[in-house]
Amino acid sequence: MPQANAIPSVATTHRPTSSTSVREAVLDLLRAFKIDTIFGNPGSTELPLFLDFPPDFRYILGLQESVVVGMADGYAQATHNAAFVNLHSAAGVGHAMGNIFTAHKNRTPMVITAGQQARSILPFDPFLFSGQATELPKPYVKWSIEPARAEDVPLAIARAYYIAMQQPRGPVLVSIPADDWEKPCEPVQARVVSTETRPEPRVLDAIGNTLDAAERPAFVVGAAVDRDEAWQDVVALAERHNAAVWVAPMSGRCGFPEDHRLFAGFLPAMREKIVSLLAGHDVIFALGAAAFTYHVEGFGPHVPAGAQLVQLIEDPSIAAWAPVGTSAVGGIRLGVQDLLARPAPKARALPAPRMPRPRAEPSALMSVAYVMQTLAEVRAADTIVVEEAPSSRSAMQNYLPILQSETFYTMCSGGLGHGLPAAVGVALAKRDKKVIGLIGDGSCMYSIQALWSAAQLKLPITFIILKNRRYAALQEFAPTFGFQPEDKLAGTDLPDLDFLALARGQGCDAVHVRDAAKLHAVLREALASPHPILVEVDVA
């Protein structure tokens, strides 16, 4: 008589007979996910993926792993689909970590695969293996795994994609041993998995009631507005409430047209200044933004006296640390549409208009403000600006208004090296749009290899390098720590960089401009170029 707890023999276990290789199963999954582009810089443990590389895929080569992830970040943001990235094991992932951190902060969906040495030699600590592959990218990936069996790799890729695409979106990592790609496995069918969430009606109603009762509401819009394709809905909601609209501190996207009557300006990442600028408003609605992102230590209240704070954010962790107020967690677009479905509130007066900026005038050594003003005059409204010039951002915000959805990208992380390759990724995704890479000279050198990728891909990007020969953001930040204007700040000067030579050496056209009288014509010609071109601009 058999025992009650007997284990069934292997012979009684059903084993399906249909199989394919791990490589083919993964490629078929990517096709189902509408992914046909692989960003990478291959190492020895990644080569098996590329055997008989299929003609319906394209491989986008970056000359350093941080460039690879930066390009993938821009591409994923512009296509609204997860990018597929292929990196080398520990060293490659390590090189990429700066831009993986930025992708995490940008909430960019990305499936990162990292090569691993063959399973049979892993017990012997082989050359170029990753000892703790799943731990290396943490905490800046949503999920990471090295599948227990080769047969589990396609399922891991599928799960990684679904997790990357679920709000809040972000990068994930799958470590894949080199000998897994040829192993047989069962095909994995792509599934329909929800990617959006709707805010809890009870909490959203409370926010709606607070907005309806407000006398002088203000909106603070963050990167999640444009990321979630909620731009037009947010404009409609602001117009319904006649709310003054501010852009949140350190926002990586623009969520509101900056020529709109309700646009109020940009909040700095400083508590006291935020409170001062929002003074007079009785309700503050943080919309797709943290409440609030700070860069320096501050003191006192987080909102003006007598003001209520409400928030709609897709990230529960951000909602959890908001210091005061009511937070609804869910997709921005769906949440705003629910607020628009409510009855119209009482009429209220328009807020005071934003004061116009005085024109920037030419000078012997051009100001950044003059460069931005000139660029605004020559570019089309639908031109896409990808920016990484931290010390020039204030001038850009004052003199280069962003007018349309999905025409501005920067990093939410503060980490340099994202903008140059991200411009390549955005241009690759939006072939019908002109892309401007607006980059500081210090930032440019973190990922200068991206110029080679732009040239190889023949992308008509105009790279504008603001050359002030220093890490100006650090010098401007120094007084916060007690430095005096006359103090010498070590490690911030950048002499003798020749960006024309660097660009031409990688296949890009290049031009230098120092004379303000010539800037208008140089920028017009550069924006008309059908090939990548770098414009080096000397600025004060």
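What follows is a friendly conversation about how some descriptions of this structure are reached.

Colleague: What should I know about this model before we start?

Modeller: This is a predicted model, where local features need pLDDT of at least 70 and side-chain atom pairs count only at pLDDT 80 or more, while totals for chains, interfaces and linings use all residues. Residues are numbered from 1 along each chain as its sequence is written, and side-chain values use heavy atoms, with hydrogens and water left out.

Colleague: Why are helix 1 and helix 4 called roughly parallel?

Modeller: Helix 1 (residues 22-32) and helix 4 (residues 153-165) pack at an angle of about 20 degrees, and their axes are 9 Å apart. Helices here are DSSP runs of H or I with at least four residues, strands are E runs of at least two, and both are numbered from the N terminus. The axes are lines fitted to C-alpha atoms, for helices over the stretch in contact, and angles run from 0 to 180 degrees between N-to-C directions. Angles under 35 degrees count as roughly parallel, over 145 as roughly antiparallel, 65 to 115 as roughly perpendicular and the rest as oblique. Helix 1 and helix 4 are therefore roughly parallel.

Colleague: Which residues make the contact between helix 1 and helix 4?

Modeller: Contact means heavy atoms within 4.5 Å. Helix 1 brings Val22, Ala25, Val26 and Leu29, and helix 4 brings Val153, Pro154, Ile157 and Ala158. By class, the contact has eight nonpolar, no polar and no charged residues. In this scheme Ala, Val, Leu, Ile, Met, Phe, Trp, Tyr, Cys and Pro count as nonpolar, Asp, Glu, Lys and Arg as charged, and the others, Gly among them, as polar.

Colleague: How do you know whether valine 385 is buried or exposed?

Modeller: Buried means under 20% relative accessible area, exposed over 50%, and partly exposed in between (1.4 Å probe, protein chains only). Valine 385 lies in strand 15, and because its relative accessibility is 0%, valine 385 counts as buried. Leaving aside neighbours within four places in sequence, its contacts include Leu400, Ile402, Phe408 and Leu438.

Colleague: What makes threonine 210 buried?

Modeller: Threonine 210, in helix 5 (residues 201-213), has a relative accessible area of 15% and is therefore buried. Beyond its neighbours within four places in sequence, threonine 210 is in contact with Val283, Gln308 and Val310.

Colleague: What is the order of the strands in the open sheet, and which are its edge strands?

Modeller: The open sheet of six strands has the order 16-15-17-18-20-19, with parallel pairing. Strand 16 (408-409) and strand 19 (509-513) are the edge strands, as each pairs on one side only.

Colleague: What makes strand 18 mostly covered?

Modeller: Seven of the seven residues of strand 18 (residues 461-467) are buried.

Technical notes:
Pairing = 2+ DSSP bridges.
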